[in-house]
Amino acid sequence: MEWRGRRQSQNIEDRRSASAGGTGMGRDPFGRSGLRIPVGRRGGGLSFSTIIILIVLYFVLKMMGIDMLQMLEDGSTGGPGYEQTTQRELSPQEKEVGNFVGVVLAETEDTWNTIFSASGERYEEPRLVLFSGVTRSACGTASSATGPFYCPGDRKVYLDTDFFQQLAKQFGASGDFAQAYVVAHEVGHHVQNLTGILPKFNQMRQTMGEGEANRMSVRVELQADCFAGIWAKQTDQKGLLSAGDIEEALNAAQQIGDDTLQKRSQGYVVPDSFNHGTSAQRMTWFKRGYDAGKVEACDTFKGDV
């Protein structure tokens with residue numbers, strides 16, 4: 001993919017320089033189980049001496065680089081999921097990966113802004129969070145173990161860029177367009193969220209059995225693959241794709257199909273547990289989106305998939 005020198009999205013939230021130093025539940029900056037703040041005994045208010053102590057405490061912490069007001073605003077003062085972090089310098093390779101993801105996200109913005117505008121609607125661009133190791137999201141803790149995902153609660157895509165190395169080394173899906181496909185797939189879930197598909201599925205899932213929920217989840221995931229194919233088509237029409245890029249995306253879709261992953265990890269498959277689709281299904285729907293280039297071709301909720 002010809003991505004260097006192109007516009008980068010302004011919707012990137014890079015948290016990688018803040019590496020987590022712990023995931024303690026309810027810990028404060030000093031590693032205790034909560035920051036004790038003295039309160040007055042009469043009338044439920046604060047005494048004059050208590051106010052002085054709080055002011056002194058605030059400025060002491062401020063000198064240590066800890067902004068208690070900011071921590072109170074974002075709920076991290078000893079609250080669930082609080083993480084101690086230390087700042088580090090990103091490596092040149094990490095910076096390049098961040099630039100690449102920024103360009104891919106920008107290209108998805110161009111694609112979906114065009115499609116929504118043609119229908120007289122406004123596309124609300126998602127934010128993409130780059131992190132390393134572990135971070136917080138409105139959907140709970142995000143970690144490298146969960147892989148890339150979209151959180152409808154805050155409308156953000158979460159990506160530990162180390163996943164790209166795992167994609168190449170563990171799954172055998174190398175190439176920059178394989179990585180771009182992953183980003184475009186997650187953005188596809190954002191499109192589903194905006195159009196009401198994802199909220200409807202999440203509501204219906206509450207009344208479904210596990211097997212039925214898994215089958216419906218497959219349809220949701222395959223549609224996101226199809227949406228990624230639409231993005232690939234428009235990107236190709238700009239002349240940005242290189243020879244072999246589509247093959248890289250199709251190979252990635254094949255390598256992360258439920259049946260392929262289960263065969264690799266346990267030696268056999270359990271179709272009732274599939275929730276993303278088989279390798280053949282994922283390749284088919286990505287290619288369908290690419291060939292048609294239209295949202296109408298991505299209705300995975302009718303007939304067989």
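The exercises below, each with a worked solution, concern a predicted model.

**Exercise 1.** Decide whether the disulfide of Cys-139 and Cys-151 is right-handed or left-handed, and state which parts the pair ties together.

*Solution.* Begin with the bond itself, which joins Cys-139 to Cys-151 with an S to S distance of 2.1 Å. The torsion about this S-S bond is about 95°, and therefore the disulfide is right-handed. Finally, Cys-139 has a relative accessible area of 43% and is partly exposed, whereas Cys-151, at 0%, counts as buried because buried means under 20%.

**Exercise 2.** Carry out the analysis for the disulfide of Cys-226 and Cys-298.

*Solution.* Here the S to S distance is 2.0 Å, and the torsion of about -75° about the S-S bond of Cys-226 and Cys-298 makes the disulfide left-handed. Cys-226 belongs to helix H7 (residues 210–237) and Cys-298 to the segment after helix H10 (279–292), so this pair ties together parts that are 72 residues apart in sequence. Cys-226 is buried, with a relative accessible area of 0%, and Cys-298 is buried, with a relative accessible area of 0%.

**Exercise 3.** Describe how helix H3 packs with helix H5.

*Solution.* The axes of H3 (residues 92–118) and H5 (residues 176–194) are 10 Å apart and meet at an angle of about 40°, which means that H3 is oblique to H5. The crossing of H3 with H5 is right-handed. The residues of this contact divide into 11 nonpolar, two polar and one charged.

Note on methods. Residues are numbered from 1 along each chain as its sequence is written. This is a predicted model: local features need pLDDT of at least 70, side-chain atom pairs count only at pLDDT 80 or more; totals for chains, interfaces and linings use all residues. Side-chain values use heavy atoms; hydrogens and water are left out. Axes are lines fitted to C-alpha atoms, for helices over the stretch in contact, and angles run from 0 to 180 degrees between N-to-C directions. Helices (H or I, at least four residues) and strands (E, at least two) are DSSP runs, numbered from the N terminus. Angles under 35 degrees count as roughly parallel, over 145 as roughly antiparallel, 65 to 115 as roughly perpendicular and the rest as oblique. A crossing is left-handed if the near helix is turned anticlockwise from the far one by less than a right angle, and right-handed if clockwise. Ala, Val, Leu, Ile, Met, Phe, Trp, Tyr, Cys and Pro count as nonpolar, Asp, Glu, Lys and Arg as charged, and the others, Gly among them, as polar. A disulfide is a pair of cysteine sulfur atoms within 2.5 Å. Buried means under 20% relative accessible area, exposed over 50%, partly exposed in between (1.4 Å probe, protein chains only).
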